[in-house]
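Trainee: I would like to learn how to read the features of a two-chain model. Please take them one at a time.

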Amino acid sequence: MKVNTFTQLVPDMAEQKITARNVHVTYGGSTAIKDVSVDIAANTVTAFIGPSGCGKSTFLRCLNRMNDTIDTCRVSGEIQIDGEDIYDRSVDPVQLRAKVGMVFQKPNPFPKSIYDNVAYGPKIHGLARTKAELNIIVEDALRKAALWDEVKDRLDKTGTGLSGGQQQRLCIARAIATSPEVLLMDEPCSALDPIATAQIEELVDDIRKNYCVVIVTHSMQQAARISQKTAFFHLGSLVEYGDTDQVFTTPSDPRTESYITGRIG
Amino acid sequence: MSIQSKSLLVQDERTKRRNAAEKRFHAYGLGAIGVAALALVLLLTSVVSNGASSFRQTYITLEISLPADTLDKDGQRDHAAMASVSTFGYAPLLRDALQGRIAELDITTALPDKDVADMISKEAAATLRNHVLANRHLVGGVVTLELLADGRIDGYFKGRVTLESAALDGNTSPEALQIAQALADVGVIDTRFNWRFLTAPDASDQRPEAAGLGVAILGSLYMMLVVLVLALPIGVAASIYLEEFAPKNRMSDLIEVNISNLAAVPSIVYGILGLAIFINFLGLRQSSPLVGGLVLTLMTLPTIIIATRAALKAVPPSIRDAALALGATKMQSVFHHVLPLAAPGILTGTIIGLAQALGETAPLLLIGMVAFVRDYPAAYSESAGLFGEAATALPVQVFNWTQRADPGFAERASGAIITLLVFLAVMNTVAVLLRRRFERRW
């Protein structure tokens with residue numbers, strides 16, 4: 001298994017972007033995750049791995065309060081981003097989500113033009129005063145998402161007409177167009193072929209310079225390839241969290257070892 | 001015995017039975033479609049064969065002399081003075097004109113004067129009077145007018161009345177029909193497209209040839225406007241709230257169930273409700289398109305709400321998630337993304353609701369729209385307000401005409417049904433076109 005050599009370069013005491021303490025989530029009485037505490041560093045790719053139903057996506061959706069859209073969902077504990085409690089009464093989830101972008105499992109571009117897809121976020125947040133500024137933002141986001149060269153001649157074509165991998169990169173461009181500080185990715189490659197997956201992985205490694213990336217993945221190879229930190233979830237608990245190469249080579253918990261060697265999960 | 005041991009080239013018993021069942025179901029399906037198609041064909045044939053003739057009408061062209069001494073005794077050509085001469089003053093002029101024409105053509109007949117006069121519609125005297133009052137300088141001269149023929153004469157040229165049936169009919173006679181035929185041969189009487197059927201108001205029991213759908217079409221149009229303006233925004237707003245914003249609890253479940261129940265309430269109940277609330281309690285004018293529109297709005301709302309909610313439900317949740325995750329508010333995600341995608345479904349639901357309302361009769365009977373209305377209702381008037389003047393509606397007009405004795409009205413009723421069906425077909429076509437136009441894939 002390939003071990004990411006970059007991990008050693010990240011200082012142990014990197015600036016913590018997100019700190020979660022004793023996070024507990026229930027859906028209408030049944031517990032989804034319990035007592036999760038984790039620190040997520042800035043300019044790092046953090047991977048959440050674990051078997052299906054272990055709560056990694058639930059925890060990810062807590063970080064931008066997308067769980068608010070589910071009526072029966074209750075979140076307790078504390079999650080801070082830049083030292084601010086995001087579940088504080090005075091926090092508007094709309095502002096939070098502008099700061100914490102998200103890419104979903106299945107590519108979900110709006111059935112509008114490619115340009116409008118990317119421009120939507122900046123428009124509603126008033127990031128561009130003129131059409132020219134908006135054009136710059138759109139081009140910049142598409143370039144960062146490594147999609148510009150493929151779509152620059154057909155920005156007015158509908159976004160749903162792109163291939164699956166292009167759609168997902170469009171969704172990434174859309175998410176980074178609002179200049180978030182954190183980018184959450186919920187199994188972004190699960191619907192893609194290996195070539196598109198490789199493109200996205202390359203992209204994630206690239207955008208890490210500017211963002212704090214948290215990625216949920218089912219592919220342990222992917223976690224090992226692109227992340228510096230890995231968290232292993234099992235049955236709603238955070239079992240192990242540490243540097244990716246340490247988790248994959250010398251896991252401290254027997255459950256982690258069983259999972260990454262394919263005996264459970 | 002295992003399945004593998006048998007040859008694939010021979011169908012076993014079980015497979016044969018399954019294939020037979022499939023073929024039977026195929027036949028049932030075809031049969032069901034056949035019955036439905038047959039019913040449609042029968043309906044259309046019956047309606048068209050009975051009603052198509054109402055779009056043609058028989059006219060008599062006459063040169064009528066207008067003697068000044070009877071029509072305008074003062075000689076001032078003053079409107080008020082001339083208006084004192086009623087249609088009874090004009091009827092003899094028509095009879096004389098027709099008799100003169102018959103004599104000119106050397107048709108000998110033993111028909112009494114009264115029966116000759118009866119060949120012209122009773123409506124004709126009023127037509128002539130209105131024409132003369134509007135063009136007073138014509139008095140003392142001769143005017144050429146196309147006048148409606150009597151319903152029986154009209155029926156003769158459409159094949160409804162025959163010489164045999166006329167012999168048994170107190171309102172006409174074989175001699176009158178023979179004269180009419182002779183007049184038709186020289187072009188005095190002819191049958192052509194009947195615009196009056198679509199524009200004229202209703203007429204009394206004795207003159208089916210003059211009856212038209214003008215007031216009914218106007219009334220239906222006004223009501224559809226009221227329904228569209230009220231039911232669309234209210235229905236869509238209610239659906240969006242229920243589907244996207246309302247908390248899912250016992251209360252919203254209760255509302256949901258009751259909206260579905262409302263869709264199944266018999267329409268006449270809405271009529272009683274409208275009578276009690278809009279007319280007796282609020283004091284709105286009876287027979288008015290406003291009240292009719294309000295009642296039909298109540299009736300259409302559940303249809304629109306159910307269709308809109310279904311359309312909103314069909315928008316994939318991933319679109320909402322995408323918008324919310326970008327930091328859009330709930331309202332922005334609904335109005336920027338969900339609603340445009342649901343628009344085709346909403347439009348279709350609305351037009352189906354409108355079409356339903358257009359064909360509704362029962363509630364309108366209860367709020368007095370069944371009245372005989374001769375005057376075109378104005379959209380707005382000082383005394384009656386917006387859509388307050390008495391009107392009737394297309395389906396009510398059909399109901400009305402089918403109750404009248406003169407066979408001429410049976411033809412008119414079928415003609416009105418054709419008109420109603422054309423309106424419905426146009427609305428459904430618009431629904432399909434809008435759907436095609438706005439439909440987008442995701």
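**Reading the model**

Mentor: Helix α6(A) lies across β6 and β7 of chain A, and its direction is about 170° to β6(A). Helices (H or I, at least four residues) and strands (E, at least two) are DSSP runs, numbered from the N terminus. Axes are lines fitted to C-alpha atoms, for helices over the stretch in contact, and angles run from 0 to 180 degrees between N-to-C directions. This is a predicted model: local features need pLDDT of at least 70, side-chain atom pairs count only at pLDDT 80 or more, and totals for chains, interfaces and linings use all residues. Residues are numbered from 1 along each chain as its sequence is written, while chains are lettered from A and ligands numbered from 1 in the order in which they are written.

Trainee: What is the strand order of the open sheet of six strands in chain A?

Mentor: Pairing comes before order: two strands pair if DSSP finds at least two bridges between them. Here the order is β6-β7-β8-β3-β9-β10 (chain A), with mixed pairing. β6 and β10 (237-243) of chain A are the edge strands, each with a single partner, so one side of each has no neighbour in the sheet. On average, neighbouring strands are turned by 15° against each other, direction ignored. As one parallel pair, β3 (residues 45-49) and β9 (residues 229-234) of chain A are joined by four bridges, and A:T46 stands opposite A:K229 in β9(A).

Trainee: Which residues of the largest nonpolar core touch the most other members?

Mentor: A residue is buried if 20 or more other C-beta atoms lie within 10 Å of its own, exposed if 12 or fewer, and partly exposed in between, with C-beta atoms placed from the backbone. A nonpolar core is a set of buried Ala, Val, Leu, Ile, Met, Phe, Trp, Tyr and Cys residues joined through C-beta atoms within 7 Å. In the largest core, of 80 residues, A:A173 and A:V182 touch the most other members. Helix α6 (residues 164-176) of chain A gives the most to this core, with six residues. A second, separate core of 60 residues includes B:V295, B:A342, B:M369 and B:A391.

Trainee: What is A:V182 in contact with, leaving aside its neighbours within four places in sequence?

Mentor: Two residues are in contact if their C-beta atoms, placed from the backbone, lie within 7 Å. For A:V182 the partners are A:K17, A:I18, A:L63, A:I81, A:K99, A:V100, A:Y211, A:C212 and A:V214.

Trainee: What does the radius of gyration say about chain A and chain B?

Mentor: The radius is taken over C-alpha atoms, and the globule rule is 2.2 Å times the number of residues to the power 0.38. Chain A has ten helices and ten strands. Its radius of gyration is 18 Å, close to the 18 Å that the rule gives for 265 residues, so chain A is as compact as a globular protein of that length. Of those 265 residues, 47% count as buried. Chain B has 19 helices and five strands. Its radius of gyration is 31 Å, well over the 22 Å that the rule gives for 442 residues, so chain B is more spread out than a compact globule. The C-alpha atoms of chain B fill a box of roughly 100 × 70 × 35 Å along the principal axes, and 36% of its residues count as buried.

Trainee: Why is helix α7 of chain B described as largely enclosed?

Mentor: Seven of the eight residues of α7 (residues 151-158) of chain B are buried, so the rest of the structure largely encloses the helix. The buried ones are B:G151, B:R152, B:I153, B:D154, B:G155, B:Y156 and B:F157. Their cover includes β1 (56-65), α9 (174-185), β3 (189-193) and α19 (407-438) of chain B. After α7(B) comes B:G159, with a positive phi near 90°.

Trainee: Where does A:E187 lie, and is it buried or exposed?

Mentor: A:E187 is in the loop between β7 (182-186) and α7 (194-207) of chain A. With 20 C-beta neighbours inside 10 Å, A:E187 counts as buried. Its phi is positive, about 45°, although A:E187 is not a glycine.
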